Amino acid sequence: MAISVTIRHRTTYRYHLPVRLGQHRLLLRPRETPDIRLISHALTLTPGATVTWAHDVAGNAVATATFPEVTDCLLIDSLATIDHTAAAWPIFDIAASAITYPFLYSNDEWTDLGALTVQQYPDTLGRLHSWTRSFTGSHPIDTLVLLKELSHGIADRIGYESRNDEGTQSPLQTLDRGRGSCRDFAVLFVEAVRSLGFGARIVSGYLKTSLEDTIGSDGAGSTHAWAEVFVPGAGWISSDPTNRSMGSFNLIPVAVGRDIRQVMPVTGSFAGPSHAFEDMSVNVLVTS
């Protein structure tokens, strides 16, 4: 059954004095998937801007905003309505050739996955690979069980913390600290499965839930990051190690990419004195 969901995402930048805004890259339009149908999307910018739309190499809808005026405040207001049909307990139709790990991608799959199979962070001593191998046990192992145990293992090992500062920890930093945000969990998971030969990508979007025990949400919804792993037959399987979940029941994707930097909701710049920036606030409301 389809559930109508509305996502209101407002980002506000404030400056101590008028500044000239550079181009801003906005990833705010939800992706359509077999489980999601986009009904409407409106993007409002204050001050007014010239907005052009394009799809990037990953098929994300990218809005590029150019601002003609100087301003001491920038408001980016995104309002989307979708139909969401993801099942709470999905069944993944994995191809017979990939039911157990290790398995081989076809030549075409391997070519097309390309950089999504390559680790993006240095692991010269093989620490991450060795840690990840501890979940494979004796070969062969059920592929879905392996992905679930790795997701649960990250949640068991790493404590969640909300971090508002910019940047993402490397996988080894997250393992060493034993704490991280949802984006740190997602990067660790993606790099771990890549070390095993899987193709995987980072996803940014929204967490839709009213459950108080769901990590990374205040009950009204929030921006979120998770992972997708490509498994023949089933295709891209969502995995949220922050919440030990598989499938997209509570997830609304906006952008996918090889690296976390490629899927940030808002990126941009301004020209002005270094002390001009005052603060930034983000408010997300996801309602069914």
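A charge sits over a ring if NZ of Lys or CZ of Arg is within 6 Å of the ring centre and within 35 degrees of the ring normal. Keep that in mind for this predicted model, where arginine 29 lies over the face of tryptophan 53, at 6.0 Å from the ring centre. Lysine 208 does likewise with phenylalanine 249: the lysine lies over the face of the ring, 5.3 Å from its centre.

Now for rings meeting rings. A pair of aromatic rings is described by the distance of the centres and the angle of the planes. There are ten aromatic pairs in the structure, and here are two of them.

| Pair | Centre to centre | Angle between planes | Type |
|---|---|---|---|
| Tyrosine 105 and tryptophan 110 | 6.2 Å | 35° | tilted |
| Tryptophan 131 and phenylalanine 135 | 5.1 Å | 75° | edge-to-face |

Why is the pair of tyrosine 105 and tryptophan 110 called tilted? Planes under 30 degrees apart count as stacked and planes over 60 as edge-to-face, and the planes of this pair are at 35°, so the pair is tilted.

Definitions and conventions
Residues are numbered from 1 along each chain as its sequence is written. This is a predicted model: local features need pLDDT of at least 70, side-chain atom pairs count only at pLDDT 80 or more; totals for chains, interfaces and linings use all residues. Side-chain values use heavy atoms; hydrogens and water are left out. Rings of Phe, Tyr and Trp (its six-membered ring) pair if their centres lie within 6.5 Å; planes under 30 degrees apart count as stacked, over 60 as edge-to-face and the rest as tilted.
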